[in-house]
Amino acid sequence: MVLNNKIFKILLLSLTGISGAVSASPWEQIKAPVQGEPNPVGGYSNGCIIGAKPLALRGEGYQVIRAGKNRYYGHPELLDYLIRLGRNAKQAGLPNVLVGDMGMPAGGRFKSGHASHQTGLDADIWLRFGPLTDKQALNPTATLMVNRKAQRVDEKVWSDQQTTLIRLAAQDPKVDRIFLNPAIKLKLCQTVQGDRTWLRKIRPWFGHDAHLHVRLTCPQGASYCEAQSPVPAGEGCGAELMSWFEPQKPTTGKPKIPPPLPQLCQMILSQQGRG
């Protein structure tokens, strides 16, 4: 990949904040964003971000949780989206939306917990609500919305508020897709009335039974951002969804080796002796 000289100089001059811990991912040691024009680099599961911004820990209709993990950074379009979601949720009469993990200051791979969230365009929104005190927000308890044995939504904790939150999250035009447990997708397919066009953005994925994982499209003009294949047409409520409830074949073989990082991301690490 041919690098823009301006971006190259920005990377050389602005990398900051790496400590000496050896057990964490090198990306987790970067404590401040890489300065420059906001620019997602690479793919959602193999990339980084220049010019990430921190989300305010509290705003109209939302609050950030587990802020001590320093995972509340993202592209400005992600911040705008979350602020907009909080405002829309409040107008819809929902309690405070709880924003979980976004990305790290420079994006990149986590040591554990996430395969994606690497380019500042992903965020986890909890399916339980606030408000929480500052102390409670540091280490809150999630509410599982799925009976894992039955593989169906737990009706004791599910309500129309969860459906409203997911609908508001999915209807935003900046959203590419939202990952949710197959049981939650099934619940939505069975109960949503009226406009159902947003259901196509809800993609079944194991886990995701206490939060929705929102993924935005690549921003316009972000030439280093790698988009995913388009979401298939239709509501996604048919055979594809039901296949998730069939017995899964056990995985075999060695763990997959992560692909090489994009060149710009390698530069961020190599300039600190981490590449």
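Lysine 156 counts as exposed at 74% relative accessibility, where exposed means over 50% relative accessible area, buried under 20% and partly exposed in between, with a 1.4 Å probe and protein chains only. Lysine 156 also forms a salt bridge with aspartate 154, their closest N and O atoms being 3.2 Å apart; a salt bridge here is a side-chain nitrogen of Lys or Arg within 4 Å of a carboxyl oxygen of Asp or Glu. Aspartate 154, at 17%, is buried.

This is a predicted model, in which local features need pLDDT of at least 70 and side-chain atom pairs count only at pLDDT 80 or more, while totals for chains, interfaces and linings use all residues. Residues are numbered from 1 along each chain as its sequence is written, and side-chain values use heavy atoms, with hydrogens and water left out.

**The chain overall**
- You'll find 7 helices and 13 strands in the chain; these are DSSP runs numbered from the N terminus, with helices being H or I of at least four residues and strands E of at least two.
- Of the 275 residues in the chain, 51% are buried.
- Take helix α4 (residues 160–171): its 12 residues should span 16 Å at 1.5 Å a residue, and its end C-alpha atoms are 16 Å apart, which agrees. That expected span is 1.5 Å times one less than the number of residues.
- The buried residues of α4 include Leu165, Ile166 and Leu168.

- Arginine 71 and aspartate 101 pair up at 2.9 Å, N to O. They sit 30 residues apart, arginine 71 in the loop between β5 (62–64) and β6 (73–74), and aspartate 101 in the loop between β7 (97–99) and β8 (122–129).
- Arginine 71 is buried at 12%, and aspartate 101 is buried at 11%.
- Glu28 joins Arg71 and Asp101 in a network of salt bridges.
- Arginine 215 meets aspartate 122 at 2.7 Å, N to O. This pair links strand β13 (residues 211–216) to strand β8, 93 residues apart.
- Arginine 215 is buried at 5%, and aspartate 122 is buried at 1%.

**A lysine without a partner**
- Lysine 185, in helix α5 (residues 182–191), is buried yet has no salt bridge.
- Glutamate 240 is the nearest side chain of opposite charge, 7.0 Å away; Lys and Arg count as positive and Asp and Glu as negative, with His and the chain ends not counted.
- The side chain of lysine 185 does reach the backbone oxygen of leucine 199, at 2.6 Å.

Key:
Polar contact = N/O pair within 3.5 Å; in protein donor to acceptor, adjacent residues only side chain to side chain.
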